[in-house]
Amino acid sequence: MNETELFFYTIQQGIAGNIQAQLERNPELVNVKDARGFTPLIFASYFDKEAIVKVLLQHKAPVDDTDAQGNTALIGVAFKGNIGLATLLMKHGADVNAKNKNGVTPLIFASMYNQVKMIEMLLKHDADVSLKDKDGKTAIDYAEEKGFKSIVEFLN
């Protein structure tokens with residue numbers, strides 16, 4: 001296992017102290033990508049490792065770096081509804097209107113997965129309801145397709 005693989009394994013295991021030590025030995029680890037194109041911040045966010053996300057942000061992890069599909073950490077947590085991580089990422093400057101390669105924004109993902117509290121929080125941080133993905137669909141369009149009436153009403 002090389003150093004990058006070990007770093008991502010340690011993130012997945014949730015051992016924040018070891019992440020801190022690895023970053024002190026090699027600060028550049030905060031910028032590496034794994035074989036799938038995940039950054040440490042995206043990877044830790046995906047696995048809901050809030051303590052590790054905090055360590056990575058303290059070490060200046062680029063908050064809006066993207067994976068191979070153009071997803072940022074915030075896009076990745078929006079569909080899961082992790083308000084704590086989303087708030088932390090936005091406090092560190094995450095772009096609430098970032099788009100992945102398909103044009104999907106955090107708000108669109110939150111709408112697709114019926115994450116009402118996430119939608120409320122994103123709107124409080126100026127998420128743009130009018131943004132469209134590459135298919136020309138907005139967050140409202142996806143909520144309507146999926147029958148999420150409360151989201152449709154809230155977004156209108």
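# A friendly first look at the helices and loops

The buried residues of helix H4 are Ile52, Val53, Val55, Leu56 and Leu57, where buried means under 20% relative accessible area, exposed over 50% and partly exposed in between, with a 1.4 Å probe and protein chains only. This is a predicted model, in which local features need pLDDT of at least 70 and side-chain atom pairs count only at pLDDT 80 or more, while totals for chains, interfaces and linings use all residues. Residues are numbered from 1 along each chain as its sequence is written, and side-chain values use heavy atoms, with hydrogens and water left out. Helices (H or I, at least four residues) and strands (E, at least two) are DSSP runs, numbered from the N terminus.

**Around H4**

- The cover over the buried residues of H4 includes helix H1 (3–13), helix H2 (16–25), H3 and H6, and contact here means heavy atoms within 4.5 Å.
- After H4 comes Lys60, with a positive phi near 65°.
- Asp48 sits in the loop between helix H3 (40–46) and H4, and its phi is near 55°, a positive value in a residue other than glycine.
- With a relative accessibility of 37%, Asp48 counts as partly exposed.

- Two packed helices are described by the angle between their axes and the distance between the axes.
- Axes are lines fitted to C-alpha atoms, for helices over the stretch in contact, and angles run from 0 to 180 degrees between N-to-C directions.
- The axes of H1 and H2 cross at roughly 155° and come within 9 Å.
- That makes H1 roughly antiparallel to H2; angles under 35 degrees count as roughly parallel, over 145 as roughly antiparallel, 65 to 115 as roughly perpendicular and the rest as oblique.
- H1 passes H2 in a left-handed crossing, meaning that the near helix is turned anticlockwise from the far one by less than a right angle, whereas clockwise gives a right-handed one.
- On the H1 side the contact is made by Leu6, Phe7, Thr10 and Ile11, and on the H2 side by Asn18, Ile19, Gln22 and Leu23.
- Sorted by class, the contact of H1 with H2 has five nonpolar, three polar and no charged residues; Ala, Val, Leu, Ile, Met, Phe, Trp, Tyr, Cys and Pro count as nonpolar, Asp, Glu, Lys and Arg as charged, and the others, Gly among them, as polar.

**How H6 meets H8**

- Helix H6 (residues 83–91) packs with H8 at an angle of about 15°, their axes being 10 Å apart.
- That makes H6 roughly parallel to H8, and their crossing is right-handed.
- Ile83, Ala86, Thr87 and Met90 of H6 meet Lys117, Met118, Met121 and Leu122 of H8.
- The residues of this contact of H6 with H8 divide into six nonpolar, one polar and one charged.

- His125 lies in the loop between H8 and H9 and is partly exposed, at a relative accessible area of 38%.
- Apart from neighbours within four places in sequence, His125 is in contact with Met90 and Val96.
- Asp126 is in the loop between helix H8 (116–124) and helix H9 (139–146), and is exposed, with a relative accessible area of 61%.
- Although Asp126 is not a glycine, its phi is positive, about 70°.

**A buried asparagine**

- Asn71 belongs to the loop between helix H4 (50–58) and helix H5 (73–78) and is buried, with a relative accessible area of 14%.
- Not counting residues up to four places away in sequence, Asn71 touches Ile42, Asp65, Thr66, Asn100 and Phe109.
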